[in-house]
Amino acid sequence: MSADAFTPAREEARVQALVAAVRARGLDGPLWLLCPHEGRRGALLDHLARAGGGWIHPLDWHGLLDLLEQRLALPSRPLLPPVDRLLVVESALEHAAAHDRALGAALRGNALDVARAVAGVVDTLRLHGWDGELPAPADRRAHRVALGHLGILSKVTVALSAHLSAVEATDLPARLAAVALAAPRPALRGVLLWVDGVDRLAPRERHALTLAAACGATVSLPPWIDLPADHLDRDATAATLLTALREGAGRAATDDGSLALHRVNDPTEEAEAVAAIIDAHLTENGAAEGVAVVCGVESGAWPRVGRALDRWGIPWNGSGSLPVQHTPLWQIVRASLRLAWNGPDAIDLATVLAAPGSGIFGSERDYFLSQLRRHVPSTWADVRALLEASTTVAEPDPADPGAAPDDEVRRARGEQIRKRVAPLFAAWEAAGPLDRHGPDERALRLPDVFTGVVLPLLDPEAIARAVHDPRACAAWIAAADAIRSALDLVARRLKSASHRARRLHDVERLLTDIEATFAALRDGAPAARRDGVALVGEDAWRCDHPDVVIVTGFVRGRHPRLPGPTLLLGPPERALLAGLSPDLAALPDEETLHALARRATLRVLAAPRRRLVLVAPRRTVDGDHAEVALALRDLLDRLPPGADAAPPPVAASPERARAAAAIRALGRGDVPAALAAGAELAHDDLAWRDLFAARLRPDAGFSVGGLVRALVRSRVHTADDLEGLLACHYRYLMTAVLDLRPAPLRRRPRLSESVRQAVGRGVLARLDDALVSGPQVPRDAVDAAVDATVQQFAPWSLRPDQRDERRRLVDDCVDLADRYIELRRALAHATPEPAPVEAEARPMFTLADGAAVLVRMPVATTLQVTHPGGAVTPVLVQLTRARATSLPPRRDVGLDVEGALLAQLPSLGAGAVVRINLASSVVDAMAAEQSPEADAALDALVSGAVRNEWIHKAQLTLDDHAAATAARLTEALAIIDSADGAFQPLDPDRAGSLDKVRALPCPRCDARLGCRVGLAGGAR
């Protein structure tokens, strides 16, 4: 193998040589780092900073040309904006299309996309010294097609050069050509120009570096530049596979297991597999900082992996690309242009008015949008009438003293909203078809819509005020800049003669053209951190070597990424151009580009120090079938003789086998067998749960009883299960009976309801211990009890990033402690009985055949209150997830099953129940019927409380509540347990009462059955 051939080890040695050169030069002379690749330049600067830093000037080609022009006193011109370049290329293509039918058809499809592709080809030719001269072949008939293609490129090149001269501007190829013609002079003496991040130089780029060397600079080029053929040393044997990859050896001495291949079904499963692999690495005492995940370039690749790592609680850092057309801001702009072109549309109006700076927000916007969806106006007059009716507050009646004091404020706010939103409607109406404008007139009026509607929505200050997440705000502002540039391009196109002559019949065509001008945005990680897994792109160049590298999307066509055919520049065109000049003879061909792609893949595969993991999905994001990447063959060739021909594929997991058995059982209608095979799997994995739920999706003829009669008797129910039964039988079937609940996901610790309940119960238990010595508890003892409980049940809250969550939790616990101490003070001589550690199950309901239904009882603390004469009244104190203010309306519709169960919890029967929410300042209380002792206990609570406004005594007694709930549950279970299991749809009154207390499960059903779309049991 030649000493000049590329290997990752030689590239790493060159990085170390750069560090040594920076340290050796010190302040004696500048070091210019020419690195056109932005990612590689950032990686080198970061590596130099960690190595001690130094005097270094990072440059791209434009930065280098700026310095050369300054040192050589060359005239400089402003750069031609990219929008102007695209317009010039498109205009030249329009003229060329008059004589080329195929080109005209391509321009009618997406002119800007074609112009951008042609501009890239023209720039490549200009960097190789072409000025538009056409060759004269001996046989014109044989090269007629090639000459036709070159003729189009020649017209574009000549038009671009003429425009640059006319406006006295320049671009990169023109700047390189001007610098290459300059006379050398010793203006760069003592400068070290270090070139990195590039594997191939165009002739004019090499001429510029030659001029820099002639001016006295020391130019350091990688020896493998312009030598893409990286031949292996077939006789060399390295110790391991990864060493063979880094050093260019042909084979590894032993198969050390450093290579692993995982086959998965789809990209979603791929992300979960990556998280599982990293979790196993961390379980083996590995460090998250030593893992790098190489994500694909398709949209959503790295966010998908990031979400999977979040679910597994694994920290990560990195960034990826975010297409502008996938941002919410672009959808808002699209909707605005459609409103101007097509007229009023309820969905588009809702989209635009949801934008920051639209002029309407909060409850007024929600109500107005609901009216739009309900009435669906077809004219702008109807839209204005709806806005007027939605935001107008009636004038108060002077004779009515009960007018709300905030009516005046709402009236002023409505007037302000109408003043801000009305100009948007006027701009859309003036440019739309309802103002009797044809397509040509509407096209000419679109720039007015840009100015009056779209540009105010792209205001960075309005975005910064409305979008509080820093990462999302940065992405929105960057997208706004790209959209403003594209709108400027479109406005100038609409004013040109060629576009006025071409009728625009559909705004979607215009929107497609705009999207062709968008570049990918850089979307950063949620936090700039280095203590986690690194997510990098395929084009990321790294100077460090992680222990483990995981390559996702390792499928054919991506590793190496095969170069597509260069537009209008195939082998015949290159053969004709090669006769014009030696520089044009050096145009890259497909083989050269393919070799550079293999080199880029080798950089990625040779990065790890311990292990390389390749993850190959069988299906791509688009659902296409995918095969393992071709680069796997090169890896296997480096394994020693006798090693396995290929890494063993991942065996069929037990989970997948159980899932297949469950699906087969469901196909036969054998639900018990399906549950035996897949219930545990569905409980642990959300994807399988969704699959089973979809398979069991009921239709109008779905019979419940025959499937679940035996299961109802064998399940242990909870209060939530029985509440679901009263709200929706299908939800009860999927969650309580079939146990297809949402799977618990491994997420970062957060302040969930279960954590709040555990902390609250711990605080009550500690206060019970402290109240044994007396009715008073010192403030420092309360604070100590709260701090100890929070530290016990939520230790993660001590982290700096959880400071706000901990503060809120501590405040709620202190408030809870104050309320509980007042409650205990009011119930003098109350003896606490601690709540059980685990809830017990009891037979609470009986079916028609005498079979009992087991119910897990709620957990509560019992306070035994002793009255004069020796009578004892049990008072149950329970922390509930529901706010006390929502309990009365839920009881009215029969959904407070937990309260009915509490009435039967103590062995002697409950006298009173007091229910407290950790973050709520209201306490709900119920007493048994005809129980003077219980009434006395509640009266003591109300009269003894300093803040008696937070005591809410329910009008319904415990006995009535328990009886009504038992009757409802018995009736519902009898329907499900019947022979046919018929389940009638909810009547309108029942549906309205459930919806009023936000208990109707259809829009929020965890079974995702979609009952609102015509299925039996639906609420509509």
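Mentor: Let's start with a rule: a salt bridge is a side-chain nitrogen of Lys or Arg within 4 Å of a carboxyl oxygen of Asp or Glu. Before we use it, note that this is a predicted model, where local features need pLDDT of at least 70 and side-chain atom pairs count only at pLDDT 80 or more, while totals for chains, interfaces and linings use all residues. Residues are numbered from 1 along each chain as its sequence is written, and side-chain values use heavy atoms, leaving out hydrogens and water.

Trainee: How many salt bridges does the count come to by this rule?

Mentor: The general idea is that side chains of opposite charge can pair when their charged atoms come close. Here the count is 25 salt bridges. Take aspartate 199 and arginine 599, whose side chains meet at 3.4 Å, N to O. They link distant parts of the chain, 400 residues apart: aspartate 199 is in the loop between strand 3 (192-195) and helix 8 (203-214), and arginine 599 is in helix 24 (residues 590-605). By the way, helices (H or I, at least four residues) and strands (E, at least two) are DSSP runs, numbered from the N terminus.

Trainee: Is arginine 599 buried or exposed?

Mentor: Buried means under 20% relative accessible area, exposed over 50%, and partly exposed in between (1.4 Å probe, protein chains only). Arginine 599 has 1%, so it counts as buried. Aspartate 199 is buried too, at 11%.

Trainee: Which residues are linked with Asp199 and Arg599 in a network of salt bridges?

Mentor: Glu11 and Arg603 join them in that network. For another pair, look at arginine 413 and glutamate 364, which meet in a salt bridge at 2.6 Å, N to O. Arginine 413 is in helix 16 (residues 407-431) and glutamate 364 in helix 14, 49 residues apart. Arginine 413 is partly exposed at 29%, whereas glutamate 364 is buried at 16%.

Trainee: What is the angle at which the axes of helix 30 and helix 38 cross?

Mentor: Two packed helices are described by the angle between their axes and the distance between the axes. The axes are lines fitted to C-alpha atoms, for helices over the stretch in contact, with angles from 0 to 180 degrees between N-to-C directions. Helix 30 (residues 719-727) and helix 38 (residues 958-976) have axes that come within 10 Å and cross at roughly 70 degrees. That makes the two helices roughly perpendicular (under 35 degrees is roughly parallel, over 145 roughly antiparallel, 65 to 115 roughly perpendicular, and the rest oblique). Contact, meaning heavy atoms within 4.5 Å, is made by Leu722, Leu725 and Leu726 of helix 30 and Arg968, Leu969, Ala972, Leu973 and Ile976 of helix 38.

Trainee: Where is phenylalanine 450, and what does it touch?

Mentor: Phenylalanine 450 is in helix 17 (residues 439-457), and at 4% relative accessibility it is buried. Leaving aside residues up to four places away in sequence, its contacts include Leu337, Leu487 and Val490.
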